[in-house]
Amino acid sequence: MPLSENNSFEPLDLSRFFEKHPVLETERLILRPRTMADKDDIFEYASDPEVTRYVIWPTHRSVEDTIAFLESAPKNFAKRESIGFAIELKETGKMIGDCGFLRIEPKHHRTEIGYVLNRNFWSKGYMTEAVHELIRFAFKEMGMHRVAATCDFDNVRSAAVMERCGMTLEGVHRDSELRRGRFIAKKMYAILKGN
Amino acid sequence: MSRIIPPDLSRFFELHPTLETERLRLRELTTTDVPDLHAYYSDPETALYVPFTAFTSIADTEKLLGRVANGFERKESFMFGVERKSDGKIIGISDLFNLSSQHLHAVIGWGLAKSYWGFGYMTEAVREVIRFAFEEMGMHRIEAECETENIRSIRVAERCGMTLEATRVENEINKGRFVSNYVYAIVRE
């Protein structure tokens with residue numbers, strides 16, 4: 001029985017997703033676990049200040065920063081708190097970005113999505129395609145009830161992805177984060193199962 | 001732009017702070033407070049809109065005190081006991097958690113035993129904890145989350161100058177149903 005037909009309020013059993021890292025596929029993309037072989041592709045966008053302007057982590061200064069990220073990221077998966085995916089372009093095999101579930105809360109049947117994309121691949125609908133698939137996977141396969149996402153108030157591209165994926169703006173948190181010496185307001189989006 | 005220096009919060013965890021208002025003392029909870037605290041934590045009516053089930057045994061309240069002590073020990077959170085000065089009774093609690101010296105924010109929570117509702121005690125206590133977080137700890141943003149049906153808690157947030165920022169629809173499971181949450185916050189001027 002798919003988990004989505006389970007209407008109980010008991011905590012979700014998500015163990016199978018942590019025993020074997022899921023791999024997802026869309027028309028143009030494969031969402032798969034990151035590997036050390038992705039380090040140069042990741043460094044390409046993680047070192048781009050235009051890309052990292054709106055993310056919480058510091059811009060990578062050298063590939064050593066990228067290696068440190070790749071070494072530390074699996075810890076949260078091991079703790080069953082997050083699942084991260086490399087976004088691979090089927091056509092060329094290039095890793096063009098990253099996305100995943102940042103906070104997985106089986107008790108409340110909810111999770112949060114985050115993402116980042118190499119600037120050379122903006123405006124082609126790739127991120128909308130990836131996030132659509134994450135939302136489908138969360139509802140249909142994990143049995144989630146609610147998927148949330150947040151972005152900086154002035155991150156127009158990210159908000160557009162959320163809106164194209166059917167998410168609703170639930171509010172704005174003022175001065176939510178302190179980044180590079182200034183306070184940032186954040187937009188809070190979410191989508192519920194069946195919407 | 002003036003540079004923002006991250007506050008060192010560790011000094012607040014050396015000796016538990018004690019705060020005082022006109023009618024209340026906010027202080028560290030001790031094992032002698034267990035009977036008073038249990039009156040609050042065992043009442044199903046006060047537990048209705050908060051994400052715990054009313055405690056059925058005094059041991060649950062003792063365990064809670066243990067968790068509070070751990071949070072303080074690990075320098076992660078405070079829970080103030082709200083003591084009424086006139087008779088020394090612990091009438092409720094207010095806690096500060098998710099403290100971030102990086103982003104200068106924290107989350108505040110509160111709760112009051114039913115027999116003390118309607119006298120403005122909670123507002124008096126929460127105002128003081130917000131003042132402490134801003135003026136003494138150097139925080140910039142204090143957030144609170146409550147269920148959308150929890151009218152009394154909503155009023156406390158509003159009386160303390162907090163603003164409704166977001167409605168998280170069907171955000172939590174509480175007592176066998178999905179409930180929505182309001183996010184209130186106050187930002188330092």
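Tutor: Two residues are in contact if their C-beta atoms, placed from the backbone, lie within 7 Å. Keep that cut-off in mind for what follows. The model is a predicted one.

Start with the contact between the chains. Chain A puts in 21 residues, and chain B puts in 22 residues. On the chain A side, two strands each supply at least two residues: β7 (168–179) and β8 (182–192). β7(A) gives the most, with eight residues. By class, this side of chain A has eight charged, seven nonpolar and six polar residues.

Now the chain that carries this side. Chain A has eight strands and seven helices. Among its contacts between residues at least 6 apart in sequence, 57% join residues at least 24 apart. Its C-alpha atoms fill a box of roughly 45 × 40 × 30 Å along the principal axes. The radius of gyration of chain A is 16 Å, which agrees with the value near 16 Å for a compact globule of 195 residues. Of those 195 residues, 34% count as buried.

Pro58(A) is in the loop between α3 (49–52) and α4 (63–72) of chain A. Its C-alpha atom is separated by 9.4 Å from that of Arg179(A), although the two are 121 residues apart along the chain. Pro58(A) has 11 other C-beta atoms within 10 Å, and 12 or fewer counts as exposed, so Pro58(A) is exposed.

How far can chain A be trusted? Its pLDDT averages 95, and 96% of the residues score at least 70. Residues 1–5 of chain A are another matter: pLDDT stays under 50 there, and the model has nine contacts beyond four places in sequence for them. Where pLDDT is low, predicted coordinates should not be read in detail.

The axes of α1 (residues 34–41) and α3 (residues 58–73) of chain B come within 9 Å and cross at roughly 105 degrees. α1(B) and α3(B) are therefore roughly perpendicular to each other. From α1(B), the contact takes Val34(B), Leu37(B), His38(B) and Tyr41(B). From α3(B) come Ile58(B), Asp60(B), Thr61(B), Glu62(B), Leu64(B) and Leu65(B). The residues of this helix contact divide into six nonpolar, two polar and two charged.

Methods: Residues numbered from 1 in each chain as written. Chains lettered and ligands numbered in written order. Predicted model: local features only at pLDDT ≥ 70, side-chain atom pairs only at ≥ 80, totals over all residues. pLDDT = per-residue confidence, 0-100. Helix = DSSP H or I, 4+ residues; strand = E, 2+ residues; numbered from the N terminus. Nonpolar A, V, L, I, M, F, W, Y, C, P; charged D, E, K, R; others polar. Axes fitted to C-alpha atoms, helices over the stretch in contact; angles between N-to-C directions. Parallel < 35°, antiparallel > 145°, perpendicular 65-115°, else oblique. Rg over C-alpha atoms; globule rule 2.2 N^0.38 Å. Buried ≥ 20, exposed ≤ 12 C-beta atoms within 10 Å, placed from the backbone.
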